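Here is a short briefing for a first look at this structure. Keep the sequence and the 3D view side by side as you read.

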Amino acid sequence: MTQIEHENQALNSEVPVSEGHRGVETFVALSFVLSVLATLALGVTFVLGGQPQVEGVLLFVILGGIGMGMVAWGKYLVPQGPYVQERETLKSELLERQAFLESLERGQRQLGRRPFLTKLMGGAIGLFGLVNLFPFLRSLGPQPKKALYSTAWTKGSLVVSPSGTPVTVDTLEIGGALTVFPSNDVGGAMSQTMLIRVADSDWTTKPGRETWGPNGYLAYSKVCTHAGCPVGLYQELTQQLLCPCHQSLFDVLSGANPVFGPAPRPLPQLPIYFDSSGQLRAQAPYDQPVGPGFWERGA
Ligand code: FES
C-alpha cells in the first residue's frame with residue numbers, strides 16, 4: 001500500500017466524534033462568540049466617544065478570541081499528518097492520481113464538516129473589520145455642511161474689535177488697520193475681517209460699491225483665497241494686504257484684487273455703513289463664500 005493510500009485510508013475512515021472533539025468545538029465556538037461580543041462592545045465604545053484603555057482591552061479580547069479559536073481548530077479538529085508522498089517515480093500512475101484527487105476531496109469535506117464554526121469565524125473577522133471603520137470615519141471630523149458657504153455676518157451686524165468693542169468713525173487713523181468680527185461671532189475663523197482706513201472720505205473700490213467704503217473704511221475677508229491663511233499684514237505704503245503663507249498680495253484700493261502670488265481671486269469685500277449712533281455695521285453678508293474657491297472646482 002502506497003503512502004497516498006495510507007493517507008486516504010486515514011481521511012476516509014469515519015472517525016467517531018469523540019467527547020474531546022466536542023469539547024474543542026465548544027471552546028472554538030466560545031472563542032469566536034467572545035470575539036464577536038467584544039467587537040460589538042468596541043463599536044459601542046467608538047460611538048460613545050472612545051476610551052483608549054477600554055479599546056485596548058477589547059482589541060486584545062477580539063484578536064485573542066479569533067486567534068485562540070483558529071489555533072485550537074487547526075490543532076485539534078483538522079486531521080493531522082504527517083503525510084509524506086513517496087518519490088520513487090516522478091510520473092504518478094493513473095490510479096495514484098485518482099487517489100490523490102479523492103484524497104483532496106475528502107480533505108475538503110473534512111474542513112466543510114463544521115459550517116457553523118466556519119460561519120462563526122467569518123462573522124467574527126468580518127464584524128471586526130466593519131467596526132474598525134468607526135475610528136476612520138471619526139478621524140474625518142464633523143461635516144462642514146453649509147458652513148463653508150456663509151459666515152456669521154448678516155445685515156445690520158455690529159462691527160466689533162477682538163475685545164468686543166464697537167467700531168466708530170474715530171477708531172482708526174488713516175492708514176490704520178484692525179481685525180474685526182460681527183458682535184455675535186467674536187473670534188470666528190470664517191468671520192474674521194480686515195478693516196482698513198484708506199481715506200477720510202467715502203471710498204469706492206469698484207463700480208457698484210459706491211456705499212461700501214464709508215469715511216474711507218474698507219472691510220475685506222481675512223481668509224486668504226489661496227489656502228485659507230489669515231491675510232493679516234497691511235502695507236500702508238503700497239496699499240496692499242500680504243498673506244504670509246505664500247506671499248499673495250492684494251490691492252486694497254481696487255477691491256483686493258490679487259496682484260502677486262498664487263491667490264486666484266480677490267478677497268471678498270464686506271459692505272459696511274455707520275448707523276445713526278456712529279457705530280459701524282454690515283449692510284449685508286458677504287456676497288460670496290470666503291476663503292479658497294472650493295465650490296468652483298467641481299463646476
Ligand atoms: S494661503 Fe495665502 S497665499 Fe497661500
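In this predicted model, helix 2 (residues 19-47) and helix 5 (residues 115-131) have axes that come within 9 Å. They cross at roughly 20°. Angles under 35 degrees count as roughly parallel, so helix 2 is roughly parallel to helix 5.

**Helix 2 with helix 5**
- Helix 2 passes helix 5 in a left-handed crossing.
- On the side of helix 2, the contact is made by Glu25, Val28, Ala29, Phe32, Ser35, Val36, Thr39, Leu42 and Gly43.
- Helix 5 contributes Leu117, Leu120, Met121, Gly123, Ala124, Leu127, Phe128 and Val131.
- By class, this contact has twelve nonpolar, four polar and one charged residues.

**Helix 2 with helix 3**
- Helix 2 also packs with helix 3, at an angle of about 160°.
- Their axes are 8 Å apart.
- Angles over 145 degrees count as roughly antiparallel, and helix 2 and helix 3 are therefore roughly antiparallel to each other.
- Their crossing is left-handed.
- The residues of this contact divide into 19 nonpolar, seven polar and two charged.

**Helix 3 itself**
- Helix 3 covers residues 52-77, which is 26 residues.
- From its first C-alpha to its last, helix 3 reaches 36 Å. That is close to the 38 Å expected at 1.5 Å a residue.
- Which residues of helix 3 are buried? They are Leu58, Ile62, Gly65, Ile66, Gly69 and Trp73.
- The cover over these buried residues includes helix 2 and helix 5.

**Alanine 199**
- Where is alanine 199? This residue is in the loop between strand 3 (193-197) and strand 4 (217-221).
- Alanine 199 has 14 C-beta neighbours inside 10 Å, so this residue counts as partly exposed.
- A residue needs 20 or more such neighbours to count as buried, and 12 or fewer to count as exposed.
- Glycine 216 is 17 residues from alanine 199 along the chain, yet their C-alpha atoms are separated by 4.2 Å.
- Leaving aside neighbours within four places in sequence, alanine 199 is in contact with Ile174 and Gly216.

**The whole protein**
- The protein has seven helices and ten strands.
- Of its 299 residues, 25% are buried.
- Take the contacts between residues at least 6 apart in sequence: 58% of them join residues at least 24 apart.

Conventions: Residues numbered from 1 in each chain as written. Predicted model: local features only at pLDDT ≥ 70, side-chain atom pairs only at ≥ 80, totals over all residues. Axes fitted to C-alpha atoms, helices over the stretch in contact; angles between N-to-C directions. Helix = DSSP H or I, 4+ residues; strand = E, 2+ residues; numbered from the N terminus. Parallel < 35°, antiparallel > 145°, perpendicular 65-115°, else oblique. Left-handed = near helix turned anticlockwise from the far one by under 90°. Contact = placed C-beta atoms within 7 Å. Nonpolar A, V, L, I, M, F, W, Y, C, P; charged D, E, K, R; others polar. Expected span 1.5 Å × (residues − 1).
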